[in-house]
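Hi everyone, thanks for coming. I'd like to walk you through one structure today, so please have a look at the screen.

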Amino acid sequence: MEYAQEVLAKSGKLKGRRIRDKRFVDSVTCAYYKGTGVDPKYGNMSRCPICGASGQIKVNPPVVTCRKCFGTGREGGDLSCLACKGVGVVSVSQEAGTCPACKGTGEAGIFYCTTCKGQGIA
Ligand SMILES: [Zn+2]
Ligand SMILES: [Zn+2]
Ligand SMILES: [Zn+2]
């Protein structure tokens, strides 16, 4: 439950166009099954397709919380988020700033901005 609150707090911060905080970590808790690595409904029968049931995922720092899924790793229920591949964060470059292609909105028509993968940061 703590995790859900953390996500809510973060998603609240995502509103507006300011640059989100970069985190300098080389692994993150997998968002897809909230770090448990298995589907809570099916237990050990169902390993997480994102982290392979380890609950942790190696990333290239710095990373920012995924703007598309607000760090949940999911889009529309059980589908993994295309932008972060279910991880809940995306890697950005050290010098990353507001994406010049979409001006930080992360959007391009009905799709997400390919320059920043919908993150608003590139
Ligand atoms: Zn996982
Ligand atoms: Zn995502
Ligand atoms: Zn963009």
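How many helices and strands does the secondary structure of the protein come to? The count is 1 helix and 10 strands, where helices (H or I, at least four residues) and strands (E, at least two) are DSSP runs, numbered from the N terminus. Along the sequence, the pattern reads α-β-β-β-β-β-β-β-β-β-β.

Some housekeeping before we go on. This is a predicted model, in which local features need pLDDT of at least 70 and side-chain atom pairs count only at pLDDT 80 or more, while totals for chains, interfaces and linings use all residues. Residues are numbered from 1 along each chain as its sequence is written, with chains lettered from A and ligands numbered from 1 in the order in which they are written.

On confidence, pLDDT is the predictor's own score for each residue, from 0 to 100. The protein averages 85, and 84% of the residues score at least 70. Over residues 8-17, though, the pLDDT is below 50, and that stretch has 10 contacts in the model beyond near neighbours in sequence. A contact here is two residues whose C-beta atoms, placed from the backbone, lie within 7 Å. Where pLDDT is low, the predicted coordinates should not be read in detail.

Now, the inside. I'll call a residue buried if 20 or more other C-beta atoms lie within 10 Å of its own, exposed if 12 or fewer, and partly exposed in between, with C-beta atoms placed from the backbone. Of the 122 residues, 35% count as buried. A nonpolar core is a set of buried Ala, Val, Leu, Ile, Met, Phe, Trp, Tyr and Cys residues joined through C-beta atoms within 7 Å. The largest one has 26 residues, and C30, I50, C66, C84, V87, V89 and V90 touch the most other members. The elements giving two or more residues to this core are β5 (63-65) and β8 (89-91).

Let's stay with I50 for a moment. Leaving out residues up to four places away in sequence, I50 touches C30, Y32, I57, G73, S80, K85, G86 and V87. For the protein in general, among contacts between residues at least 6 apart in sequence, 52% join residues at least 24 apart.

Y32 comes up again with T72: these two are 40 residues apart in sequence, yet 6.5 Å apart in space, C-alpha to C-alpha. T72 sits in the loop between β5 and β6 (74-75), and T72 is buried because 22 other C-beta atoms lie within 10 Å.

For contrast, go to strand β3. It spans residues 43-47 and is hardly covered, with 0 buried residues among its 5. Strand β2 (residues 38-39) pairs with β3 in the antiparallel sense over 2 bridges; a pair needs at least two bridges found by DSSP. The two strands form a hairpin with 3 residues between them, and D39 has G43 as its bridge partner in β3.

Finally, some backbone details for you. P61 and P62 are joined by a cis peptide bond, with omega about -5 degrees, and P62 lies in the loop between β4 (56-58) and β5.

Which lysines have a positive phi? K85 has one of about 60 degrees, and K117 has one of about 55 degrees. K85 is in the loop between β7 (79-80) and β8, and counts as partly exposed because it has 16 other C-beta atoms within 10 Å. K117 is in the segment after β10 (111-112), and K117 counts as buried because it has 22 C-beta neighbours inside 10 Å.
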